[in-house]
Amino acid sequence: MFVVVGVTGGIAAYKSVSLVRLLVKAGHDVHVVPTDDALRFVGLPTWEALSRNPVTTSVHDDVAKVRHVALGQSADLVIVAPATANTLAAMTAGLASDLLGTTLLATTAPVVVAPAMHTEMWRHPATVHNMEVLRARGVHVVGPADGVLTGGDSGPGRMSEPEEIAAAALALVERPRDLDGVSIVVSAGGTREPIDPVRYLGNRSSGRQGVAIARAAADRGARVTLVAAHLDADVRPDPRVEVIAVGTADELGTAMDATADDADVIVMAAAVADYAVAAVSEHKLRKQDSPGGLTLQLTENRDIVSALVAARRDGQTIVAFAAETVESDEELLQRARAKAARKGVDLLAANAVGWTRGFEAADNALTIVDRDGRVVATASGSKDDTAHALLDAIAAIRAASRG
Ligand SMILES: Cc1cc2nc3c(=O)[nH]c(=O)nc-3n(C[C@H](O)[C@H](O)[C@H](O)COP(=O)(O)O)c2cc1C
């Protein structure tokens with residue numbers, strides 16, 4: 001496998017020497033792309049000798065080979081370790097001021113970063129924001145670990161160990177293509193029910209989990225259609241995915257009905273409004289029209305999942321989500337079982353939501369039950385990780401049903 005290892009200017013660069021050795025020993029074709037600052041910590045000859053490939057930091061070397069994009073285009077996997085606060089900010093902004101920057105912009109391979117910095121830098125709102133943006137773009141993050149840092153202080157900021165980084169990164173590309181040729185429709189995001197031409201009733205779904213499922217399914221070989229209700233601005237569907245944009249629950253239902261026939265797998269990850277405004281005003285409602293208060297009459301929306309289940313064809317797998325505010329794991333499981341039975345879906349993925357969890361967050365935790373209420377998997381971590389855990393469960397029940 002063609003692996004690019006970006007090394008940036010932190011003390012932990014010395015640990016990436018072991019990372020490069022591990023990858024080379026495992027038989028991979030490793031290309032090290034250091035930043036200029038990285039070379040102040042570990043010199044160029046070390047990287048060239050270990051990787052057995054030429055090393056440069058500059059877009060102006062070896063121009064005939066169009067190196068500034070060739071490395072990214074050839075890569076099956078890109079690892080940035082250590083990833084400094086500076087490089088993470090440059091990645092967020094899409095800067096292309098050195099060979100690592102152009103390589104990162106030119107690649108469609110999975111990108112793994114292993115941040116390393118002092119705790120204060122890691123917790124700074126700028127870095128927190130950058131990590132959110134990068135995660136939402138699908139960058140995989142390993143660490144940082146909690147421990148003693150270079151200045152003798154301690155806290156989160158230590159680069160993860162090379163073995164852990166290599167294992168996490170290789171697992172991404174060695175994922176099974178077990179959905180080759182399978183067609184999947186995924187719904188994502190939050191529906192918006194209009195009140196008048198400028199206002200709506202919505203929910204806090206960012207679309208991150210559904211978009212991650214769509215991307216993960218494409219990684220595993222599926223043909224993917226994403227029925228996208230409102231997505232947060234930083235949540236962008238993978239270019240391999242066909243996107244159908246919808247607004248209301250009714251529009252989402254219509255799009256699901258239209259695409260369901262051709263789908264082998266349907267995953268309803270969108271947060272769909274249960275109710276719509278009975279009489280949508282043609283003009284903007286004014287305060288003077290309803291002095292002292294406004295009552296909105298709501299009517300119940302149709303049950304999209306039940307309709308899909310009623311129309312399910314042979315061999316089709318239907319998966320629903322349940323976002324629940326619960327007091328305990330036990331209560332979450334009970335609700336998951338009840339909903340799976342009520343809806344007749346093949347799998348139900350339940351996640352606890354609340355003011356600070358589930359929605360909008362980069363991480364998620366899922367409890368996945370089958371139609372009989374058996375827990376087939378639990379998963380927690382990034383929404384990419386939980387997406388793959390859900391697809392593992394989908395692939396497993398499809399294999400079991402084929403005997
Ligand atoms: C001794 C030393 C250690 C450093 N360690 C780190 C680090 O662990 N993480 C970090 O984000 N920056 C660290 N820095 C600061 C970076 O080297 C600096 O921000 C540099 O501009 C990063 O450039 P690069 O991201 O292009 O490699 C360190 C600087 C020095 C002098």
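Author: Here are the salt bridges, pair by pair. The model is predicted, so local features need pLDDT of at least 70, side-chain atom pairs count only at pLDDT 80 or more, and totals for chains, interfaces and linings use all residues. Residues are numbered from 1 along each chain as its sequence is written, and side-chain values use heavy atoms, with hydrogens and water left out.

A search of the whole structure finds 20 salt bridges. The term means a side-chain nitrogen of Lys or Arg within 4 Å of a carboxyl oxygen of Asp or Glu.

Take Asp-219 and Arg-240. Their closest N and O atoms are 2.7 Å apart. Asp-219 sits in helix H9 (residues 208–219) and Arg-240 in the loop between strand S11 (223–228) and strand S12 (242–245), 21 residues apart. Helices (H or I, at least four residues) and strands (E, at least two) are DSSP runs, numbered from the N terminus. Asp-219 has a relative accessible area of 36% and is partly exposed. Buried means under 20%, exposed over 50%, partly exposed in between (1.4 Å probe, protein chains only). Arg-240 is partly exposed too, at 48%.

Next, Arg-302 bonds to Asp-257 as a salt bridge, with closest N and O atoms 3.0 Å apart. Arg-302 is in the loop between strand S15 (298–300) and helix H11 (304–310), and Asp-257 is in helix H10 (residues 249–260), so the pair ties together parts 45 residues apart in sequence.

Arg-313 pairs with Asp-264 in a salt bridge, at 3.5 Å between the closest N and O atoms. Salt bridges that share partners also join Lys-15, Arg-158 and Glu-161 into one network.
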